[in-house]
Amino acid sequence: MGARADTAAGPWLSIILIVRHPAETPDAVLAALAAEPRIAEVEVLLVDGRPDAATASDRTGVATLLRPGLNMPRLKAEGAAVARGRALAFLEPKAVPMPGWISAALAALGRYPGAALSGSVTSASGSAADRAAQIFEYAAFRPEVIARGATRDLSGNNMILPAGSLRQFCGDILAAEGLNKPFCQKRLQENGTELVMVPEMQVRMQTRYRLGGLLASRYRYARCFGGTRAALATAAQRRRYRLGAPAVPALLIARHMRSACRDGWPGLGTLGALAALCLAWSAGEAVGSWAGTGRACDALF
């Protein structure tokens, strides 16, 4: 990928690429980054959590950190602990940067120093499960939605966080459970970190989901989220989460069905998979609120 343009304080941007599942490969993301004209200005760190990760990569210009068996939040925290950049970008194998991603990221960092940045997400059509996942998780991050100011959130696999603020304000979260995006984002914003949407910082999702596996993974994510949220909440907040749990399925289905049909009829298969996703998330969140995280966080993504 070429030599990095470092300063005494380290590079401006570190790109942390997380690979966790045995079937995943970082090759598409690394190839996309290598083709970027400004690749020499950033650090690229591959954090390999695949169970069989045993040897460091010999890819030129890519540092490799081997952490087999860790979940996604802990892999992100491990990368954040050693990355040298003043800002930390997080990507995953299924989120392939589109041309111009690095230039857009560096330009946004120049305009908004110290801010948390979120890019846009597009996807190929894929199966009904792929389309349902795109609607459920990334409809709010479509370039046209971000461009009209309708989204104020971070995309977990296409975001840039200020390194200093992350370590200062989220150190306890990073140590306890890794980079849990919803809670780190909330903590950063509570402490004055600006959230900026950058539609030009675009990735394309490349997924091949099986519906059963997708539902199981989102149930675990929701249980981890619901259990962690309840553990951090006051007694009054916990009661509100638990009593409100029966309303969550209807609210999620109504919201995501509207999103799915906004640009035309997506098909019964997609709508069925989307409804199942809403129910799986609702069940996980409710169980987490009442019974805690269990082992859900250990298997997160």
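A disulfide is a pair of cysteine sulfur atoms within 2.5 Å. The legends below concern a predicted model, in which local features need pLDDT of at least 70, side-chain atom pairs count only at pLDDT 80 or more, and totals for chains, interfaces and linings use all residues. Residues are numbered from 1 along each chain as its sequence is written, and side-chain values use heavy atoms, with hydrogens and water left out.

**View B. Cys-224 and Cys-297 form a disulfide.** The structure holds 1 disulfide. Its sulfur atoms, in Cys-224 and Cys-297, lie 2.1 Å apart. The torsion about the S-S bond of Cys-224 and Cys-297 is about 100 degrees, so the disulfide is right-handed. Distant parts of the chain are linked by this pair: Cys-224 sits in helix α8 (residues 211-232) and Cys-297 in the segment after α11 (268-291), 73 residues apart. Helices (H or I, at least four residues) and strands (E, at least two) are DSSP runs, numbered from the N terminus. Cys-224 and Cys-297 are both buried.

**View C. Cys-278 has no cysteine sulfur within bonding distance.** Which cysteine has the sulfur closest to that of Cys-278? It is Cys-261, and at 12 Å the sulfur is too far for a bond. The relative accessible area of Cys-278 is 0%, so the residue is buried.

**View D. Asp-172 and Arg-187 meet in a salt bridge.** A salt bridge is a side-chain nitrogen of Lys or Arg within 4 Å of a carboxyl oxygen of Asp or Glu. By this rule the count comes to 13 salt bridges. In the pair shown, Asp-172 and Arg-187, the N to O distance is 2.9 Å. Asp-172 is partly exposed, at 47% relative accessible area, and Arg-187 counts as partly exposed at 24%.

**View E. A salt bridge joins the side chains of Arg-229 and Glu-285.** The N to O distance is 3.1 Å. This pair links distant parts of the chain, with Arg-229 in helix α8 and Glu-285 in helix α11, 56 residues apart. Arg-229 and Glu-285 are buried.

**View F. Arg-295 forms a salt bridge with Asp-298.** The closest N and O atoms of Arg-295 and Asp-298 are 4.0 Å apart. With a relative accessible area of 66%, Arg-295 is exposed, whereas Asp-298 is partly exposed at 44%. Elsewhere, salt bridges that share partners join Lys-76, Glu-92 and Lys-94 into one network.

**View G. Asn-71 occupies the loop between β3 (62-66) and α2 (72-82).** At 5% relative accessibility, Asn-71 counts as buried. The C-alpha atoms of Asn-71 and Gly-178 are separated by 8.6 Å, although these residues are 107 apart along the chain.

Conventions:
Buried means under 20% relative accessible area, exposed over 50%, partly exposed in between (1.4 Å probe, protein chains only).
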